[in-house]
There are 2 protein chains.
Amino acid sequence: MNTQKILLVDDEPDILEFIRYNLEKEGYKVFTASNGVKAIELAQKENPQLIILDVMMPDMDGIETCNEIRKIDKLKNAVIAFLTARNEDYTQIAGFDAGADDYINKPIKPKVLVSRVKALLRRINGEQDGTALTLGGIEIDREKYIVRKEGKEYNFPRKEFELVALLMSKPGKVFTREEILSRVWGDDVVVGDRTIDVHIRKLREKLGDEYIRTIKGVGYKFEF
Amino acid sequence: MNTQKILLVDDEPDILEFIRYNLEKEGYKVFTASNGVKAIELAQKENPQLIILDVMMPDMDGIETCNEIRKIDKLKNAVIAFLTARNEDYTQIAGFDAGADDYINKPIKPKVLVSRVKALLRRINGEQDGTALTLGGIEIDREKYIVRKEGKEYNFPRKEFELVALLMSKPGKVFTREEILSRVWGDDVVVGDRTIDVHIRKLREKLGDEYIRTIKGVGYKFEF
DNA sequence: TATAATAGGTAACAATTACTTAACCTCAAT
DNA sequence: ATTGAGGTTAAGTAATTGTTACCTATTATA
C-alpha cells in the first residue's frame with residue numbers, strides 16, 4: 001500500500017507541529033497549511049486521503065474551507081475531519097452539513113488522534129468498519145445498503161434509504177423540507193410537495209411511527 | 001483414508017441429533033458438544049478435521065468459540081463452519097475475521113448439509129487450496145479459475161469469474177456498477193450499460209438466482 | 001488453414017421496481 | 001368555520017434492470 005497523505009490545516013503553528021510529529025511517527029506523509037487558501041492549493045496539488053481542518057481559523061474558517069474542498073472533483077473521496085474545541089455544538093451541526101466525516105476534539109491526545117486517523121483511513125481502503133450507524137435499535141449500513149431492526153434486515157429503496165440515512169446522520173436535528181430535497185433529491189430536481197411526505201410515510205410504515213417526528217412548519221427529525 | 005472426525009456444537013439437542021444422524025449415515029465419526037467450553041475440550045482431545053459451530057449459543061457464542069479454537073496449535077488446520085439462521089444479522093461476517101471457512105444456513109436440509117461437509121473436507125485431504133473461498137456452498141478457486149457448487153466443478157469465463165469473485169470478496173457489500181466496471185473491466189474500457197446485467201444473468205443462470213441480489217439504483221451484492 | 005466453439009459485447013424490447021402525483025382526508029390553530 | 005400544513009391512498013409515470021437474440025473477435029479443433 002502506498003504511503004498515505006494527510007493534509008493538516010490550523011492557524012496555530014504549535015498545534016500543527018504537535019500533530020505532524022505524532023502522525024509522521026506513524027509513517028504518514030503529512031502536509032501542513034496555516035489557512036484555508038493555502039490548504040486548498042495544497043490539497044489540489046497533493047491529493048491527500050485525509051484532511052484535518054481546524055474549525056476556528058481567521059479569514060476562512062474550517063467549514064468554509066471544507067465546503068470549497070468538497071467542490072473539487074478529485075477530492076470527492078477524501079475524508080475530512082474537523083478539529084474543534086469541546087462542546088461547540090452549533091459548529092458541529094454546520095460541519096456535518098459541510099460533509100465532515102468525523103470530529104476530533106481539542107485538546108488533542110496523541111493516542112486518540114492516531115487511532116482516529118487510522119480508523120478514518122481504513123474507510124477509504126475498503127476495509128470494513130465505520131460504515132454502520134446504530135441509533136435507537138435501528139442500524140443503517142451504507143456499504144450493504146441494509147437497514148436492520150431487531151436483527152431483521154430490510155432492503156430499502158434508494159430514496160427511502162437516503163432519507164433515513166440523512167435524518168439519522170444528525171439525530172435530533174430538524175431537517176427542513178428544503179434541506180431534505182437538496183440532499184436526497186439534489187438541487188436541480190424539482191418534485192412536488194407531497195413527495196417527501198409519501199417517503200416519510202413509507203419509512204414510518206417500515207420502522208414504526210416513533211422514530212420520525214414531524215415538526216409542523218419546519219421539517220422532520222429522527223428521534224430515539 | 002482414515003475415518004473423518006467432525007465436531008458438532010449447538011445448544012439445541014434436537015439439531016445436534018438431527019445433524020449427527022445425517023452425518024453418521026455418511027460414515028463420519030461425529031462428536032457433539034452443547035456449549036463452547038465443552039467444545040474446546042473435545043476438540044483438544046479428538047482433533048477433528050471439521051468443526052461445525054452454531055453462532056447463537058448462550059455464554060460463549062460460536063464466534064468466540066471459534067476464536068479460542070484458532071488459538072490451539074494442533075487445530076490450526078481444522079476447517080470451521082458456522083451454523084446460522086437465514087437473515088440473521090450479517091454482522092457475523094465478523095465470523096470471517098475469526099477464521100471461518102463456511103456458513104451453513106438453517107433450516108438445515110440433509111442433502112445440502114452432506115454435500116457441503118464433503119466439499120469442506122475435500123479441502124483438507126489432498127487438494128491443497130490456499131486461494132479458495134467458500135461462501136454459502138459456493139467455492140471459488142482463484143488459482144484454478146474454477147467454481148465449485150455442491151461437488152460439481154464449473155469453468156467460468158474470465159469476466160464471469162472475476163465478477164463473482166469480486167462480489168464474493170466482500171459478501172453483503174453492494175458493489176456499484178461503477179465499481180464493478182472499474183474492477184472487472186478496468187477504468188479505461190468503455191462498455192455499454194447492459195453488459196453488467198448480462199453477465200450477472202449468466203452467473204445467476206449457473207449458480208441459481210438466490211446468490212446475487214440487485215439493489216436497484218445502487219448495484220449488486222452477493223448474499224447467502 | 002478452415003471450421004467450430006467460446007467469450008464478450010450490443011441492441012431492442014419486456015418486465016419490474018421505484019418514484020411521483022393527484023385527489024382527498026385529518027387535524028390543529030386562528 | 002376557515003385555512004394551511006401535513007397524512008394517506010391509489011394509480012400513473014419514469015427509471016432501472018432483465019432477457020433474448022445476434023454479432024464480432026478470439027481461441028480451440030479438425
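Entry 1: I started with Phe175(B), and I found it opposite Tyr220(B) in β12(B). A word of care for myself: this is a predicted model. Phe175(B) faces a residue of β12(B), and the strand β10 (residues 175-176) of chain B is joined to β12(B) by 2 bridges, with the two strands running antiparallel.

I then checked the other neighbour. Strand β11 (residues 212-215) of chain B also runs antiparallel to β12(B), and here I noted 4 bridges. In this pairing Ile215(B) stands opposite Gly219(B) of β12(B). I followed the chain from β11(B) into β12(B) and found a hairpin with 3 residues between the strands. Gly217(B) sits in that turn, with a positive phi of about 80°.

**Entry 2: the faces of β12(B).** Are the two faces of β12(B) covered or exposed? I recalled that side chains in a regular strand alternate between the two faces of the sheet. On one side of β12(B), which spans residues 219-222, I listed Gly219(B) and Lys221(B), and on the other Tyr220(B) and Phe222(B). All of these are buried, so both faces are covered by the under 20% cut-off for relative accessible area.

**Entry 3: DNA strand D.** Next I looked at what lies around the DNA. I have 20 residues surrounding DNA strand D, and the closest are Arg201(A), Tyr220(A), Arg204(B), Thr214(B) and Tyr220(B).

By type, I wrote down 4 nonpolar, 4 polar and 12 charged residues for the surface near DNA strand D. Helix α8 (194-207) of chain A and α8 (194-207) of chain B each supply at least two residues of that surface.

Which part of DNA strand D do the atoms within 4 Å of the protein belong to? I found 59% in sugar or phosphate, and the rest in bases.

I also noted polar side-chain atoms beside phosphate oxygens of DNA strand D:

- Tyr220(A) places one at 2.6 Å.
- Arg201(B) places one at 3.0 Å.
- Arg177(A) places one at 3.3 Å.

**Entry 4: aromatic pairs.** I counted 5 aromatic pairs over all chains. One of them is Tyr145(B) with Phe161(B), stacked at 4.3 Å centre to centre with 25° between the planes. Tyr145(B) is partly exposed at 24% relative accessible area, whereas Phe161(B) is buried at 0%.

Phe222(B) and Phe224(B) make another pair, this one tilted, with 6.4 Å centre to centre and 40° between the planes. Phe222(B) is buried at 1% relative accessible area, and Phe224(B) is buried at 11%. I put both into one aromatic cluster along with Tyr211(B).

**Entry 5: charges over rings.** Last, I looked for charged side chains above aromatic faces. In chain B, the charged end of Lys206(B) sits over the ring of Phe156(B), 5.0 Å from its centre.

Methods. Residues are numbered from 1 along each chain as its sequence is written. Chains are lettered from A and ligands numbered from 1 in the order in which they are written. This is a predicted model: local features need pLDDT of at least 70, side-chain atom pairs count only at pLDDT 80 or more; totals for chains, interfaces and linings use all residues. Side-chain values use heavy atoms; hydrogens and water are left out. Buried means under 20% relative accessible area, exposed over 50%, partly exposed in between (1.4 Å probe, protein chains only). Two strands pair if DSSP finds at least two bridges between them. A residue is near a molecule or strand if one of its heavy atoms lies within 4 Å of it. A polar contact is a pair of N or O atoms within 3.5 Å; within protein, one must be able to donate a hydrogen and the other to accept it, and residues adjacent in sequence count only if both atoms are side-chain atoms. Ala, Val, Leu, Ile, Met, Phe, Trp, Tyr, Cys and Pro count as nonpolar, Asp, Glu, Lys and Arg as charged, and the others, Gly among them, as polar. Rings of Phe, Tyr and Trp (its six-membered ring) pair if their centres lie within 6.5 Å; planes under 30 degrees apart count as stacked, over 60 as edge-to-face and the rest as tilted. A charge sits over a ring if NZ of Lys or CZ of Arg is within 6 Å of the ring centre and within 35 degrees of the ring normal.
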